[in-house]
Amino acid sequence: MNKIQAIIFDMDGVLFDTESIYLKVWKNIFRKYGYIMTEEIYSQVIATGRDNVKRVFLREFGANLPIDKMYLEKDIALREEIEKNLPIKDGVFDILSYLKDEGYRIALATSSDRERMNNHLEKANIRGYFEQIICRDEVEKIKPNPDIYLKVAKKLGVSPENCLVIEDSLAGVKAAYSAGMTVFHVVDFKEADEEIKKYCYKSFNNLYEIKENIILNNKFWERG
């Protein structure tokens, strides 16, 4: 493994246990319109951005799907759910505090829009840990394209090979891998399948396990 100077986090599914909330909201919206949303279909669109979500849903459910209207309702319902409860992943404060104390550069690269990202980070009171933050509206192509990770590395002033990315989705793992970065997969919506294992350095069950692995490798990594 390359010497790691920067740790880049994805947001949903890594820092926040929100994918299950997104799925719940989508299921309710689809049910209202007479369709059935499944975990298998939803798993295809995790971390891929709104335009791709629309394309996949139209492909799966047909061109008559009122996706724009459904999206408006989803956004409202999602905001209401998040206001009631924003579940933070176990180990978030632990790993962020450790990385900051050890002098790692810490960044965030998310396919969410800036408004949602700001709301999440401020609600959880963790924004101050991140030196750089890149959202979907700052890149032309989103995950699985590597642009978002390459841009955050450039902003940090750290070479891609010296960056470690923590991701939960296949799209995110592919993006980081294509950027030439080391990828740690953390289980969220589903276990690591063979394709995820193909692109990640290792898969972990939670952030505590990732922190312990970083501690083990800490003496071999240079930071700055």
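This is a predicted model: local features need pLDDT of at least 70, side-chain atom pairs count only at pLDDT 80 or more; totals for chains, interfaces and linings use all residues.

Residues are numbered from 1 along each chain as its sequence is written, and side-chain values use heavy atoms, with hydrogens and water left out.

**Stop 1: the two domains**

Colour 6-17 + 89-222 as domain 1 and 18-84 as domain 2; the bounds come from an automatic or database domain assignment. Their centres, taken over C-alpha atoms, are 24 Å apart. Domain 1 brings 17 residues to the contact and domain 2 brings 19, with contact meaning heavy atoms within 4.5 Å.

**Stop 2: the interface**

About 1,500 Å² is buried between the domains, and carbon and sulfur atoms give 53% of that. Buried area here is the accessible area (1.4 Å probe) that two parts lose on being put together, summed over both. Now select D17, R116 and F189: in domain 1 they lose the most area to domain 2, together 38% of what that side buries.

How many salt bridges does the rule find across this interface? One, using a cut-off of a Lys or Arg side-chain nitrogen within 4 Å of an Asp or Glu carboxyl oxygen. The rule also finds four residue pairs in polar contact there, both residues at pLDDT 80 or more. A polar contact is a pair of N or O atoms within 3.5 Å; within protein, one must be able to donate a hydrogen and the other to accept it, and residues adjacent in sequence count only if both atoms are side-chain atoms. Show helix α6 (residues 114-124) as well: with four residues, α6 gives the largest share of the side of domain 1 that touches domain 2. Helices (H or I, at least four residues) and strands (E, at least two) are DSSP runs, numbered from the N terminus.

Step back to D113, in the loop between β2 and α6. A polar atom of the D113 side chain lies 3.2 Å from the backbone nitrogen of E115.

**Stop 3: helix α5**

Select 92-101. V92, I95, L96, Y98 and L99 of α5 are buried, where buried means under 20% relative accessible area, exposed over 50%, and partly exposed in between (1.4 Å probe, protein chains only). Look down the axis of α5: the buried residues fall within an arc of 160°, so they line one face of the helix. That arc is taken from the directions from the helix axis to the C-beta atoms. K100 and D101 are exposed on the face turned away. On the buried side, the packing partners are β1 (6-9), β2 (105-109), β4 (163-167) and α10 (207-217). After α5 comes G103, with a positive phi near 85°.

**Stop 4: salt bridges**

The structure holds 19 of them. Start with D10 and K143, whose side chains meet at 2.9 Å, N to O. D10 sits in the loop between β1 and α1 (19-32) and K143 in the loop between β3 (132-134) and α7 (147-156), so the pair ties together parts 133 residues apart in sequence. Buried or exposed? D10 is buried at 3% relative accessibility, and K143 is buried at 1%.

Last, pick E138 and K155, which meet at 3.8 Å, N to O. E138 is partly exposed at 22%, and K155 is partly exposed at 40%.
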